[in-house]
Structure formats: C-alpha cells, structure tokens
Amino acid sequence: MFTRNVMPSGRRQYPFHLIEPKWQQSWDFQQTFRAFNPGDEIPHGHPFAQRHELGGWKLSTSELPPKYYILDMFPYPSGAGLHVGHPEGYTATDILARYKRAQGFHVLHPMGWDAFGLPAEQYAIKTGQHPRQTTESNIANFKRQIKSLGFSYDWTREVNTTDPNYFKWTQWIFLKLYNSWFNPATNKAEPIETVAYPPELSGRGAELESARRTHRDSQRLAYVTDAPVWWCEQLGTVLANEEVIDGKSEVGGFPVIRKPMRQWMLRITAYAERLLKDLDTIDWNHSLKEMQRNWIGRSEGAEVQFQISNFKFQFTVFTTRPDTLFGATYMVLAPEHELVEQIITSEQRAAVQAYKAEVARKSDLERTELAKEKTGVFTGGYAVNPVNGEKIPIWIADYVLVSYGTGAIMAVPAHDTRDFEFATKFNLPVVQVVQPPDPNIDWRGFVDDGTSVNSTGPEISITGLPTAAAKEKIGAWLESKGLGRRTVNYKLRDWLFSRQRYWGEPFPIVWKRDANGNVFHEALPESALPLLPPSLTDFKPTVTGEPPLARAEVWVNLPDGLQRETNTMPQWAGSCWYYLRYLDAQNTSAFVGKEAEQYWMGTASSKLQVESCRLDAAATNPATCNLQPATKSTTPGVDLYVGGTEHAVLHLLYARFWHKVLFDLECVSTPEPFFKLVNQGLILGEDGQKMSKSRGNVVNPDDILKEYGADAFRLYEMFLGPLEMVKPWNTKGVEGVYRFLGRVWRLFVDEQSETAFEQAETTTDICSRGCGSAADSRAFTSATTRLLKLIKLSSAIEDKQPTPAQLKALHACIKKVTEDMEGMRFNTAISAMMVFINEAMTWETKPVTVLRDFLILLQPFAPHIAEELWEKMNIQHPTSNIQHPAGLAYAPWPTFDPALLVEDTLEIPVQVNGKLRDVIRIRLDASPAEIEAAARASEKVKPFLDGKTVKKVIVVPKKLVNLVVG
RNA sequence: GCCGGUGUGGCGAAAUGGCAGACGCACAGGACUUAAAAUCCUGGGACCGUAAAAAGUCGUGUCGGUUCGAGUCCGACCACCGGCACCA
C-alpha cells in the first residue's frame, strides 16, 4: 500500500497560489500603479490621490509631486518566452519603483515591446505565418509571464514598436533627421533649409537646381550612400554587423560576404564629440562609459601633406605623432586608396595589381585575423618629407585601413610597433627620433613619450624637446606653412540604418526622376504617416537581392511614376526613443506632449515636497527628516535605467544620438536621455555556464513560480548577489528565501485558522492560475477571497507598546534596508529582513505597529504576501491604520530613529600587537583611559603583556583597543 | 595586444582601514512524529591539540610595501569573465 497524492516538494509554506493572483487582479482593477500626466484628472479613490490628497484634481506640472522615472530595457518578445535573466533587472527596478512610491515620489514605471526584428521574419519565411501573428502571440505570452511576477508597471502606457500608432512617430523622427543637417558652426542640428550653398551653385536652371539638391542631400543627417553590407546567400538576406559572428551568420552559421549596396546612413559621426563629452555629465558605471569612449575612439593628432615626387599632386596622412616626422622612412597607402593607380610605376604595376586583387578577396575579418604577418608592395612612387625634403618610398599594405583617418600613413618604424614589424620584414630603414627617458630602454620600437632627437631640418628643429612640446611646435610650424593642421579623428563610423527586410518600419521616402533623368529621393509629408508595410505572403528577398518589400509592386509603384523606398529600418530605430513615448503614450498629435516631456524628464520643477526621509538628514536630525524640497530631487532625464551590458554600445549610443538631435530641434528638453544607468549581471545556469538551449541549462521562471510563487522568485533573484555581478542560478537556493517567507507568514497567522483554511481548500473546487474566461476569473476571485478570509492573525499580535528591544530590532532593520535600497544592495537588505524575522520569531507578543512597519519594508520585495498580511492587519487591528489610508503600495516609508539604536554598553575587541586577544564589554561613554585600563585588566590579555613593556596604546573609542608591546 | 571587471568556507555571499565568513544553501546532530515530510533547536574555515574542551598557529589568487592594525590602501604578478582589436 502506498499513497499517491504526496506533493512533490512537500507542503506549501503559505497559500501563494491564491494570494498572488488575488493581488495582481486587485492592482489591475484599481490601476494602482497608474501614473498621471500634468492635466490628467486624478480619480478620488486612487491610492496615489489618497496618499497626496489630490483626489478629483487636474494638476499642472508644478503642482504634481516630484517625478521619478524608472525604466527597464524593454524585451524582444521571442517565442521562447521569458528566461530568468529578464526578471533580474525587472525585479530590481520594481523594488525601487515601489520604494520611491513609498517615499512620496510620483513614479513612472512602464513596460513595452521591442517587436520588430529578424526572428519573427525568419519564422514567417519558414511557415508563411505573418510576423504580426507571431509577434502578437509572443507579446501575449511575455505579458502573461511578466504580469505573473507582480511588477508595478503602469500598463496604460504600454508601447509596441510594431504598432502603427507607435511607428508613425518612429517614421516621424526619421523625417526630422532627414530634414536636418549638422551645422559645425553652431555644433548642432538645424533644419535643412539653413544649409548654405557654395557660390558656384547659385543661379537658375535645372542643372544648378539639381546640383543644389545633390549638395543639400549630402548634408542631411540621413543620407544615401553605397556601402558594403554582409550578405548571406543561404539565408537570402543582408545581415547586420552584430548578426555576423566570426565570418558566419549568427542564425545557422552560414558564410557571409561583403557586398556593396545602396544604403541609408545616419550621420552619427557629427555628434562624436558631444557623445563623448557629455558622458561626463551622466551617472553611468565606469566600464560602460569606457566602452562608449573606446567605441567613439577619439584621437588627437595632425594631418600632414606630402608632396609626391615627380608629380603635381600631394596626399594627406593622419598621425598622432607629428613629432616623429623626421623619422618617417616610408609611406603606406591603403590598397584601396584612390591615389594608388596614379603613382604606380610601370615596373611595379603587376605586383601592385596582384596584391590589390589578393586583398580584395579577403574579408575585413580575414584581413585582421591574418594580422600576424605584415604584407605589402612597393608602388614605385616616392613622397617628399616636408621637414627635410627627403625622398621616401610609398608602399601599399593592408594594415592601413582605408576607412580610418585619411587612409594613408607616414611610417615611423623606430617608434611604431606595426611600422617596425613591417620595416623589419621588408628591410626598410629605421631612424631614431625619440630618446626614451630611461637610457636603458632600447629606442627601437619605443612608442611612448620621450625627447626628440635627430629632428633638425633646414627650416625647423625640434631636437631636444620633450614629446608634448615637440608636437606643439611642429604642429604650429606645419599650420603656418600650410603643410598640415592639428586635428582630431574618431573611430566611430556613420550608422548603417537600412535593412533589406520585411519586418521593420518602411522608410517614408519616395524616389523620383528629374527632367535630366537624375534619380533623387524625397520625403513623404507628415500627413502620410504612418506608412504601413504592404501585405505579403512571401517574405523572402527577391531573386535580384532586392528587399522583400519590392515584391509588393502595387505598393512600390505609385500612380505618378514615383517609387517607394523598399528598405526598412533596423530594430534599433524603435528602441531609440521608446522611453519618450512612455511619457505620453496615447498622444495622437505629437510623439510626446511638451508638458508631459518636461515634467517626466525633470526640466520643469514641482512645488510639492517629498515627505520622506533622506538618509543624511535622518542620521543627524530625525525631527526634520520628513520634509525635503522636491526641486532638489528631480533629475534631468530618466532617473534610473537598468539593462544588460549587451546594449552597452549600440543601443545606448544610438539612443543618445537621436536624443541629442531631438534636443537640438527643441523636441526634447534634456541633452541626455538616461541620467543613471546600471547594468545587471548575467545569470548563469546551475553549471556556471551561460544559459542556452543547447546546453540544456535554461531555467524557466514559470516552473519556479509554480513551485515557490512570485514573491520567492523575486526575492531569490535579488538574494543571489549584487545586481551588477555575474552569478550562477541555484534552484535549491530559492528554498531559502521561500522558507523565509514561510516564517514571515507563520509569524503573522494563527495556526489553527490555517488548518481550517486548508481543510476548506481541499473541498473547494477552484481552478488555479491560468484559467481563461472572465467568469472563471470572477469565480476564482470570490472563492479565493472567501478562503483567505478563514485565515486569522496570530493572537500574539497585539496593539501594545513595543519594548525597547523590539524597537531596536525594527529600527536596525529600517536603517539597513533603507541604506541598501539607496545603494541598490538588495541582497543585504533581504538578509537584514531575515535577521529581523529570526528575532521576531522569539517574541512572545508582537506589537502591531512594529509588524506594520516591517510589512512596508517587505512590500517592495515581496508585494503579494505583504499586501495580504497588511489587509489582515487592517481588518483585525483597524485603529492603527488611520495614518496609512492609501493602502500598502503608497504607505509612507518608515524612518528610523538613531537614538533607539544606541546601547549603554558595547563590546570592543582588545588586540595585542594587532592580534585579537579578548573582547571586553564597556560603557558607551567610557573614556580612553578607562578603556585602556579595562583592556590591561583582562585575564586573557595579561599573559601577553607579562615581562614586556607597553610601548604604545591605540584606543579607538567604540571600536577597539590595541596594545603594542616590545 | 589594449581597456574594464572579478578572485574570500563544500556552494551563493557579507564586512566606513578595526572581532573575516553576517544572511542563505548544502551537510551533520537533536526535538516533534508510529514513520517520513514540514517545522523548531544546535553545530560547523584549516591546522595543532584534547576524552571533550580551552589555549595556540595559519587563513580572503601570488609576492612585496604602507600602517599600531590590511579582504579593504599602494606596487608587481597570476587566473578567470566581458569589451575592443593593425585605429596610425
């Protein structure tokens, strides 16, 4: 005989399976977490209205409480559903959102979907199912999963990048870019109409008209050019850089080749300097800023012109070391440099052509991979060194890139590693021009700063100057002679903005032909937006390699002979500005309303005050900690943005770029979008490896939720370790926090009533989480409510004055949790709550006020159980609820009283020669002399002092005593 | 190669320059139970001791330094993770 109905993992610690859906429904129904824009009417019954006494008002920006905008990187809703990495960041932001609400901030905490992109399109090509269908069902699944975690999002602001009401504005912003240029004089974007034309283009006539158009188009922030792109034959599509890994397609691992195609580009390079400089104004973590700095890759140097021997023309090189000009013993052009054809001598022609052909066969990747061994060919041409008139040979080599600088270098083998390698291989002369500061260091291959030597010519000498001064002097000389200029170069390239795909935003652009047959592009008017993609059944690119949109002939070919652009925008487009749409998601007349933008981005100040505690104020003067001027706490931009490092460069750089353009055009009011940014660390599988389907170590949140509930899941994700760290998942570890919630539950509830509840539950037929219909959910709600009412609070909870020990435990907990909240140290905040509960378990009577404050602390982390217990407290101890009419989600965050934390006596360690020998208990106000005496008196310490003299005594009051003996 | 980050018990981790290992997992022992699960209590870095303790010694990747005192600060190195990579 054996029983079959034993639960696989034992008895449930508490009825989270009823509590969690109950409160999620309640929050949904009440719109508890809705945020209000300036001008919105705030309903009377809303808890936010009750907390701030604003019911029935329509408030202007300056009358609303101070904002706090806390943002998650919105997910791409894949078919695989959520994995445990997503909720890590989402839990952290949710905890802070709830904390800030409790502090009295007006919190904006939205969520949405980044839903354009390749997977849905690939799936469509395979199955013929329209990407919209896949996208919709994936979103539904993601939303269900995210909602089941109890996050406090304002769902009225949900955005979806594939919704025409959304991408209308993505297209609108593209038009802004298209219709603007970057004016270097003002260092900002301006309307394209302000472009000045060179004098030779003025005048009437079709030719000049066309020339002016070409000039204008070449200045736009969005422009067209022929650029090589990754083409994958097997997938029949063009791939983005990030979709190509080690020369193969990320999907399927097929080979890819570089193929030149007409592309739309965005002129992000114009913003390189501002993108770099403004990093100093924002609060991002150090390594992330470094990544952006490296990506932008600013380097200061000089452009120097070299005359070509026996020819009229000259060419320009970029160098960061103009001070080494006297050491240039040869020149190198990139093989693709346009001058190569003109300077090769007949005897070198064959060799140069062969080399160029060889290089052209290699992809960029192979060129860098084969970097070990330098290759190159002499062109036969010579250049003249402007400082000393020496003739030096011009080579071509693929270690010089046509896309960086001027595509040409002066080679100084003595002081550049690559040039040195090359010169060694091809037996080119090496001339010292820099003396290392340390004479023992070999000058050959010395690339750092030193002192110039052998650097004297007929007109200029820098011999004897340190590197910095030498650079300065020669730079000035070159400029005065018109031979060069000091300049700055960037690694950053313009942004390739078009994709040959179906599932993306169509460009609001048409192509025309003028009277002379010149093809040109023109923007659609704003009124034509949104421009919807055509409906297709075949989503593959055409046989000619044209984008899939070209299949829709009726859509492409307009009646008046115009043709639509068939490229689409990349996935980044929608994610570049979604944080702005959240501010005013329903606006049909603007991408974001001005008032809403200024309020939420913190450029309009609010008058009301945060009635909560600032730590520093509380620590020094608890009496004044309840009122802080709000204007000090508003931050320009998103207050906190949390997401993964994978977006460290591209998304975050692109979004900053768009934001700056919009700022220049006065569409937004802050120069930077994200004031503070935190990366959550990756969660690895239980085996310590990156989670992946192929390794079979993926943890599905649904399984954890079923077994332990959302509160335990949230708690565990935070208890794992510091947010920014990489850390392995361990399902066993969930048990720990789950047991903690069980202890919280048992601390509050009466055991007998729970037994009654359990009996009633087994005889009640309620369908669990996931039941579909409205009727089902109503039945669930009423059954749940009825059942949960059977559970009563423990009789040990009494409306009594807390003891000093109880107050001390509570206030220590408040202090620790509050401080850790500010520092986003959620793991240690949770451990502080565990410490509190472990102690509270031992109390015979539990004062209502103490437990109430604890629930407010617990609420951000484990909101469902906290709400349920809070509700029971309100029913059974209603009188103490008077000060919190708004409900738990808006109950004021408790403040701690430092006076309650001090003790009369404390233990301090006694060291002899820095080694711990005893711990003594001493009065708090004991003088140093008393402490020393007590330390010397210790029986454990005495043997270490015997026969020795005490040479020095260090007494750190309240900390330790150290006796130094000799 | 360059830039950034991280190295602490069996494991996840914690420690304003001041008692290393809070909190939790796993483990062991005990209580409760007919039994198990759950729960509650107790223990725990290593070494050396001891009947058991106590005492003692060592211990935060390695080596050195500053300091009365270093996981923490400084210097050199090693390992792992992430990013960039012929950027002139």
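1. Which residues is Ala115 in contact with, leaving aside its neighbours within four places in sequence? In this predicted model, Ala115 is in contact (heavy atoms within 4.5 Å) with Tyr76, Pro77, Thr135, Ile139, Asn160, Thr161, Thr162 and Trp503. Ala115 sits in the loop between strand E3 (112-113) and helix H4, where helices (H or I, at least four residues) and strands (E, at least two) are DSSP runs numbered from the N terminus. Because its relative accessible area is 2%, Ala115 is buried, a class that means under 20% relative accessible area, with exposed over 50% and partly exposed in between (1.4 Å probe, protein chains only).

2. As to conventions, residues are numbered from 1 along each chain as its sequence is written, and chains are lettered from A and ligands numbered from 1 in the order in which they are written. Local features need pLDDT of at least 70, side-chain atom pairs count only at pLDDT 80 or more, and totals for chains, interfaces and linings use all residues, while side-chain values use heavy atoms, with hydrogens and water left out.

3. Helix H4 (residues 118-127) has as its buried residues Leu118, Ala120, Glu121, Gln122 and Ala124, and these pack against helix H5 (131-147) and strand E8 (237-239). After H4 comes Gly128, with a positive phi near 80°.

4. Trp658, not counting residues up to four places away in sequence, touches Thr170, Ile173, Leu177, Leu266, Trp495, Phe497, Ala573, Cys576 and Trp577. Trp658 also belongs to a cluster linked by ring pairs, with Phe174, Tyr178 and Trp264 among the other members.

5. Across the whole structure there are 59 aromatic pairs, counted where ring centres of Phe, Tyr and Trp (its six-membered ring) lie within 6.5 Å, with planes under 30 degrees apart taken as stacked, over 60 as edge-to-face and the rest as tilted. Phe36 and Phe48 form a stacked pair, 5.6 Å centre to centre with 25° between the planes; Phe36 lies in the loop between helix H1 (16-30) and helix H2 (47-52), and Phe48 in helix H2. Both Phe36 and Phe48 are buried.

6. Thr566 lies in the loop between strand E25 (563-564) and helix H16 (572-575) and counts as buried because its relative accessibility is 9%. Not counting residues up to four places away in sequence, Thr566 touches Pro547, Leu549, Ala550 and Val556. Thr566 and Asp584 are 18 residues apart in sequence, yet 31 Å apart in space, C-alpha to C-alpha.

7. Several backbone features deserve a check against the model. Most residues other than glycine have a negative phi, and most peptide bonds are trans. Leu529 and Pro530 are joined by a cis peptide bond with omega about -5°, and Pro530 lies in the loop between strand E24 (519-523) and helix H15 (553-556). Glu666 has a positive phi near 60° and is exposed, with a relative accessible area of 58%. Met824 has a positive phi near 55°, but Met824 is buried, with a relative accessible area of 10%.
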